[in-house]
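Keep the 3D view open while you read.

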Amino acid sequence: MATTSSFDVSTDERTDTVDVTDHVAASIPDDVETGICTVFVQHTTAGISVNENESRLRDDTEGFFEELVPDEGHRHDQLDGNADSHLRATLVGASESIPVEDGDLALGRWQSILLLEFDGPRSREVTVTVVGE
Ligand code: ZN
């Protein structure tokens, strides 16, 4: 069977990280034991990543993308001034797929599902699709 649901996440800063693991876990239907869960953000300036939710690493990651992609000097800035946000989101990607085993997300001990915001603060919609049985 396949199910799709979505939830909203609020971000607080222009560059921000929100742990959405609990939201995603709650989206797995009770009758799915084994399958695959895809987490997808329907935006062009935010991304989804699986990594460790540790405060210093969150700061390092945000700083890494800010260093990697300069704030200014891009052509898209002539349109709405947020090319840096789009480029950072492109590097992260819009989705991740996580196995479902025994009815739960089969994440490693240090893995969390993170929404990476690059043009906040704003509200983001995350879609969770579960295919399994
Ligand atoms: Zn734009």
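Asp 104 sits in strand E6, which covers residues 104-105 (helices, H or I of at least four residues, and strands, E of at least two, are DSSP runs numbered from the N terminus). What makes a patch? Its residues have over 30% relative accessible area and no salt bridge, with like charges joined within 9 Å and nonpolar side chains (Val, Leu, Ile, Met, Phe, Trp, Tyr) within 5 Å. A salt bridge needs a side-chain nitrogen of Lys or Arg within 4 Å of a carboxyl oxygen of Asp or Glu.

This is a predicted model, where local features need pLDDT of at least 70, side-chain atom pairs count only at pLDDT 80 or more, and totals for chains, interfaces and linings use all residues. Residues are numbered from 1 along each chain as its sequence is written, and side-chain values use heavy atoms, leaving out hydrogens and water.

There's a nonpolar surface patch too: Phe 64, Leu 68 and Leu 91 together have about 310 Å² of accessible area (Shrake-Rupley method, 1.4 Å probe, with only the protein chains shown as cover for residues). Leu 68 belongs to helix H2, residues 55-68.

Now for some accessibility values (buried is under 20% relative accessible area, exposed over 50%, partly exposed in between):

| Residue | Relative accessible area | Class |
|---|---|---|
| Asp 104 | 48% | partly exposed |
| Leu 68 | 47% | partly exposed |
| Ser 5 | 31% | partly exposed |

Ser 5 lies in strand E1, residues 2-10. Leaving aside residues up to four places away in sequence, Ser 5 touches Ser 27, Val 126, Thr 127 and Val 128 (contact means heavy atoms within 4.5 Å). The C-alpha atoms of Ser 5 and Ile 28 are 9.2 Å apart, with the two residues 23 residues apart along the chain.

Notes
Buried means under 20% relative accessible area, exposed over 50%, partly exposed in between (1.4 Å probe, protein chains only).
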